[in-house]
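Colleague: I am new to this one. Please pick one part and take me through it closely.

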Amino acid sequence: MTAYNPQWLDALRIREMVAAWRRNEWLGEDKWKNIQAHYPESFYSPNLFVRIGLAFFSLILLSAAMGLLGLFFDPDSETAFAGFCLFVGVLALLFLEFWAIRSARHYGSGVDDMLLYFAIGSIIAGLCMPMPYQTDEVVYYSVAFPFLVLGSVRYLDRVLSAAAFLCGLLICLKIAMQVPNLAIYLLPLTGILFSVAIYLFAREGQRRYNWRFWHRQLALLEWMSIVTLYLSINYWVVQLFAFEALQIENIPLPWFFWVLTFVLPIAYIWAGVQQKDRLMLDTGLGAAAGAVFTFRYFFHVLPWAWAAVIAGAVLFVGAYFSIRYLRSHKGPYTYASEGDKIWLQELEEQLIEQTIASQNPPVPVKKDGFGGGQFGGGGAEGNF
Amino acid sequence: MQHTLRELLEQNLIENQDAERIQSLEQQSPFSLHWELKTLLYLGVILLNIGLGYLIYQNINHIGHVALITLIGGVCAFCMAYAIRHRQPFSRSETESPTPYYDYILLLGCLLFLVLEGYVQYQYNLFGTRYGLATFIPMVLFFGLAYWLDNRGVLSLGITALASWVGITVAPQEILSKNDFSSGAIVYTGVALGAFLSIVPFLSERLNFKKHFSLTYLNFGVHIGMISCLAGMMGLDREIVFFPLLCVAVGFFLWYARTRGSFYFLTVAVVYGYIGFTYLLVNHTASWHFDFMFYLLYFFLSCAGVIYFLIHYKRFIKNKQS
């Protein structure tokens with residue numbers, strides 16, 4: 001299913017999990033070393049900043065390559081150009097599959113990311129270009145959707161997963177919008193049903209061991225579905241959508257949406273705290289801010305400067321007392337930071353890099369057919 | 001996790017008691033609200049600062065504005081007093097924050113000081129047109145606090161104040177009268193400031209004094225210095241001066257990246273260097289009327305070269321060192 005070496009993917013996953021145990025000192029140093037030696041991997045996955053740099057230069061390179069090929073083939077009609085885009089897309093895909101992944105062993109290096117986006121983008125553009133001008137948007141989305149899904153599944157790419165999610169949602173919404181008279185009811189309902197369906201799918205998928213390589217993508221889908229669920233019932237969003245898409249100023253059942261605008265964030269936070277579900281909790285906090293903004297938008301109770309001061313003071317004091325409470329009471333919740341680093345800390349470490357550079361370099365595998373460390377062997381130290 | 005534990009057991013990489021311990025610890029381990037609460041603290045500080053900063057101007061001619069200034073001054077003084085009272089004993093190296101909210105309270109105090117100072121200048125014209133002094137005071141204050149209380153956030157504020165102080169001091173007339181930001185003085189100062197900020201870390205390392213501030217200095221230094229070089233090349237059209245300077249800067253940061261193993265500075269230096277070189281090439285070949293193909297080929301080959309360099313970075317180093 002996936003283009004990347006599954007043994008190495010497993011090794012990465014296990015090392016990551018065991019590294020967290022090691023950080024909490026649940027496991028001895030010698031065992032950690034043994035496990036590392038037992039699960040070797042030689043992906044080229046550079047440091048975040050190198051990845052950004054590589055993606056940047058890959059994009060320029062691919063565009064220049066496309067330009068050069070364009071000069072050579074000189075596609076002079078729209079159909080020819082569409083065919084040219086398809087050709088370039090397929091070429092990029094072959095290059096990704098056979099060079100970047102199989103031979104150079106790239107995995108999240110910026111080069112493979114950019115090749116994938118470029119390939120999928122060119123193929124979709126090539127297919128959409130010959131369509132007549134007045135084609136419905138749904139058709140475009142429907143053409144793109146399968147490629148986004150296939151690309152995200154085969155290349156474990158989270159950006160494509162997110163794009164596929166949005167594409168699928170848009171297809172459903174656009175279809176719902178065309179139902180006469182009922183569209184205003186169907187729009188939020190479609191959003192709710194779509195979000196709930198994807199949420200259940202993502203939760204179930206993350207329970208399956210066989211789908212372990214896709215768990216990160218499923219976690220992203222889970223988060224996106226919680227967000228779109230809230231957006232589907234938020235009064236401001238529903239009103240805006242009804243006005244923009246259907247020119248309806250007063251939405252039906254306003255009380256229903258008002259109640260949900262406030263109840264759902266509370267439910268999220270409650271569920272997040274209850275089930276120790278960070279995704280739910282953080283989204284709930286964000287949604288609560290969204291509910292406050294929605295209220296402020298329709299009822300001007302306070303000048304915004306005062307609102308900011310009061311909100312800031314409340315947040316600060318609330319967080320202050322929460323920290324004090326958590327530090328003096330032992331319970332299921334704590335203020336102490338977890339072993340898992342948050343992305344900001346990770347970013348800071350990537351900046352300094354000393355901790356990572358001083359880690360053990362990955363053990364090179366001497367396997368036939370992989371060219372034994374031909375590409376980027378040394379540079380693979382920059383773990384991310 | 002169950003699968004992984006079972007697999008590790010089967011491979012004899014861990015023992016039964018390890019697996020049991022890990023499982024029970026994993027279930028017992030409390031749920032950390034660290035990140036959420038820190039974010040709330042930070043948001044609180046930002047909202048307070050924006051809200052108060054706006055209110056003070058909004059209410060200038062109202063009766064309440066004296067009360068408001070007193071309030072802001074009070075909060076600011078309270079924050080500073082808190083920071084000074086709860087400070088850790090001074091150390092030449094990194095110290096840990098005494099309380100979880102310490103950094104945020106100090107940050108709030110510093111930001112409110114800026115609000116107050118801006119207001120006093122706006123309303124009473126305290127500094128007149130001596131804007132240099134207006135930026136000099138917070139600069140000294142922030143640098144002092146940053147070193148005394150060991151805080152990198154305040155140090156960033158201090159460096160920003162330093163940049164504005166230097167910028168205003170060298171070219172007050174030009175900026176005020178002609179709004180001329182591409183003036184030579186600003187660009188040369190930027191280069192000098194970038195160089196200065198990049199040297200400070202080496203001094204502090206040699207003196208063993210606040211070595212952990214290095215990254216903050218270098219981060220400002222690399223961007224201020226390189227952007228100034230590029231501005232000199234593009235805005236002032238003095239490539240003969242600024243391109244060599246850019247090369248020196250790129251070389252310096254490549255050397256730094258190599259010796260300290262910092263991929264961040266490696267990437268940043270390569271990107272700035274590439275932009276500078278490409279500009280030089282395009283600018284100087286424009287009159288020769290090259291074919292479009294030439295530029296496409298240039299981008300194709302140069303990017304391939306840069307990608308090769310970034311991927312095989314370690315090998316280049318080994319060659320140099322051996």
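Modeller: What follows is a close look at chain B, its two domains and its meeting with chain A.

First, the ground rules. Chains are lettered from A and ligands numbered from 1 in the order in which they are written, while residues are numbered from 1 along each chain as its sequence is written. This is a predicted model, so local features need pLDDT of at least 70 and side-chain atom pairs count only at pLDDT 80 or more, while totals for chains, interfaces and linings use all residues.

Start with the whole chain. Chain B has 14 helices and one strand. Here helices (H or I, at least four residues) and strands (E, at least two) are DSSP runs, numbered from the N terminus. The radius of gyration of chain B is 26 Å, well over the 20 Å from the globule rule for 322 residues, so chain B is more spread out than a compact globule. That radius is taken over C-alpha atoms, and the rule is 2.2 Å times the number of residues to the power 0.38. The C-alpha trace of chain B spans about 75 × 70 × 40 Å along its principal axes.

Now burial. In chain B, 34% of the 322 residues are buried. A residue is buried if 20 or more other C-beta atoms lie within 10 Å of its own, exposed if 12 or fewer, and partly exposed in between, with C-beta atoms placed from the backbone. Contacts come next. Two residues are in contact if their C-beta atoms, placed from the backbone, lie within 7 Å. Take the contacts in chain B with a separation of 6 or more: 56% of them join residues 24 or more positions apart.

Next, the domains. Chain B is divided into domain 1 (38-160) and domain 2 (171-322). These bounds come from an automatic or database domain assignment. The centres of the two domains, taken over C-alpha atoms, are 33 Å apart. Nine residues of domain 1 of chain B meet 10 residues of domain 2 of chain B. On the domain 1 side, two elements give two or more residues: α6 (131-149) and α7 (152-170) of chain B. α7(B) gives the most, with four residues. By class, that side has four nonpolar, two polar and three charged residues. Ala, Val, Leu, Ile, Met, Phe, Trp, Tyr, Cys and Pro count as nonpolar, Asp, Glu, Lys and Arg as charged, and the others, Gly among them, as polar.

One residue between those two helices deserves a stop. D150(B) is in the loop between α6 and α7 of chain B. Most residues other than glycine have a negative phi. D150(B) is not a glycine, yet its phi is positive, about 55 degrees. D150(B) has 22 C-beta neighbours inside 10 Å, so it counts as buried.

L156(A) is in the loop between α6 (137-154) and α7 (158-177) of chain A. Its phi is about 50 degrees, again positive, and L156(A) is not a glycine. L156(A) counts as buried because it has 21 C-beta neighbours inside 10 Å.

Now the contact between the chains. It takes 58 residues from chain B and 66 residues from chain A. On the chain B side, the elements that give two or more residues include α1 (2-10), α2 (16-28), β1 (31-32) and α3 (34-58). Among them, too, are α12 (263-285), α13 (292-311) and α14 (313-321) of chain B. α3(B) gives the most to this side, with 17 residues. The residues of this side divide into 41 nonpolar, 12 polar and five charged.

A strand joins in as well. β1(B) pairs in the parallel sense with strand β1 (residues 333-334) of chain A, over two bridges. Two strands pair if DSSP finds at least two bridges between them. S32(B) in β1(B) is the bridge partner of T334(A).

Last, one of the contributing helices. α12(B) has 23 residues and reaches 33 Å from its first C-alpha to its last, close to the 33 Å expected at 1.5 Å a residue. The expected span is 1.5 Å times one less than the number of residues. Buried residues in α12(B) include F263(B), Y264(B), F265(B), L266(B) and T267(B). V268(B), A269(B), V270(B), Y272(B), G273(B) and G276(B) of α12(B) are buried as well.
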